[in-house]
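Subject: Structure handover

Hello,

Please open it first, then read my notes below.

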Amino acid sequence: MLFRKSIRATMLVVGLVAMAGDVASAELLMWTDQYGCSGPLAMCGAVRTLDLSLGGSPTTNYYNATEMTNGVVAEPYSGDLYWIESGSVRRMVYRTAATLASGSAQSLAIDSAGGKLYWHIFFGVRRANLDGSGLQDIVTGLPGGNIVALHLPSAKVYWDVTNTSPRRIDRANLDGTGVQNVMTLASPNDIAGIATDPVGNKLYWSSYSLGKIVSANLDGTSPVDVITSILPGPIAVDGTAGKIYWINDRTEIRRANLNGTSPETVVPGLNMASNLSLSPSQPPQSGDFNCDGQVNGLDIAPFVLLLIP
């Protein structure tokens, strides 16, 4: 409930001040971490959050799982949280967790405006409606992979391809058509993270083995090393605030300006962090003042409450 309320309150403020087409700065940082336990694999997972708008408030251990967790995103209109637990896609609604899809899910990406959730299943990419219905395999026949990212202004989905040489990043339209290769990386070097900047229209990727984060045009051209001499894992970009976040050596979350300057530690002392994301990624619809994803008569409620003594 607290998570949902914080998102809705944040989105209400954004809705009152943002112009149409603006991209809101991220307010919530989310990640998954693992720790030893008595579970089936002797490892359990947790979903954790940090309210960035409070300037570094204590982290909230939002959900403890009995199995390993990976991939976490939030739906900013409703405040619903999605994550992967032992390969299954799960959703939290008012503190009630439910499984939306079983299988070998690896990472998540969300299109709130389009009402779709995307995930990598190692051998392909799937998507479904936010309630888990309408499941589609949009990319199939991959030799391997585990990362998925979206660039919604250009309506593209990006993913990594592993278990092949060279390793690469591909992209396609959101329905999986028009597949294109955008980047290749000689084996055995890895691709640890993929993110896009919807404001600056850039692609970012990280490599743990090469110790760096690279930016490029959305088609992969003109790559530039922006941060080096690090041990990066998954990454996330806040284009409005001009920041890039990354998990460093699984034990901390760091951030820097998009050009790599002013690096700092945001969350220290993690055990085995595996994924991270930022929310909200976009403001609510124009007129959606109660942030429920719809524009209707309920949106006058905030003003009614202000007028009634």
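**What I found**

Y77 counts as buried, because its relative accessibility is 8% and the cut-off for buried is under 20%. Please keep in mind that this is a predicted model. Y77 sits in the loop between β4 (69-74) and β5. From Y77 to A113 the C-alpha to C-alpha distance is 9.2 Å. In sequence, Y77 and A113 are 36 residues apart.

**Confidence**

The mean pLDDT of the protein is 83. A value of 70 or more is reached by 79% of its residues. Residues 1-21 have a pLDDT below 50. Beyond near neighbours in sequence, that stretch still has 42 contacts in the model. The pLDDT is also below 50 over residues 288-293. There, the model has 26 contacts beyond near neighbours in sequence.

**Aromatic pairs**

A pair of aromatic rings is described by the distance of the centres and the angle of the planes. The count here is two aromatic pairs.

- Y63 and W83 form a tilted pair. The centres are 4.6 Å apart, and the planes make an angle of 45°. Y63 belongs to strand β3 (residues 60-64) and W83 to strand β5 (residues 81-85), so this pair ties together parts that are 20 residues apart in sequence. Y63 and W83 are both buried.
- F122 and F123 form an edge-to-face pair. Centre to centre, F122 and F123 are 4.6 Å apart, with 85° between the planes. F122 is partly exposed, because its relative accessible area is 25% and that class runs between the 20% and 50% cut-offs.

**The four-stranded sheet**

Which order do the strands of the open sheet follow? The order is β20-β21-β22-β23, and the pairing is antiparallel. β20 (232-238) and β23 (264-267) stand at the edges. Each has a single partner strand, so one side of each is left without a neighbour in the sheet. On average, neighbouring strands of this sheet are turned by 30° against each other, direction ignored.

How many bridges join β22 and β23? Strand β22 (residues 252-257) pairs with β23 over three bridges, in the antiparallel sense. R254 stands opposite T265, which is in β23.

**To sum up**

Y77, Y63 and W83 are buried, while F122 is partly exposed. For the confidence values, the two stretches to keep in view are residues 1-21 and residues 288-293, where the pLDDT is below 50.

Best regards

Definitions and conventions
Residues are numbered from 1 along each chain as its sequence is written. This is a predicted model: local features need pLDDT of at least 70, side-chain atom pairs count only at pLDDT 80 or more; totals for chains, interfaces and linings use all residues. Side-chain values use heavy atoms; hydrogens and water are left out. Rings of Phe, Tyr and Trp (its six-membered ring) pair if their centres lie within 6.5 Å; planes under 30 degrees apart count as stacked, over 60 as edge-to-face and the rest as tilted. Helices (H or I, at least four residues) and strands (E, at least two) are DSSP runs, numbered from the N terminus. Buried means under 20% relative accessible area, exposed over 50%, partly exposed in between (1.4 Å probe, protein chains only). Two strands pair if DSSP finds at least two bridges between them. Axes are lines fitted to C-alpha atoms, for helices over the stretch in contact, and angles run from 0 to 180 degrees between N-to-C directions. pLDDT is the predictor's confidence in each residue, from 0 to 100. Contact means heavy atoms within 4.5 Å.
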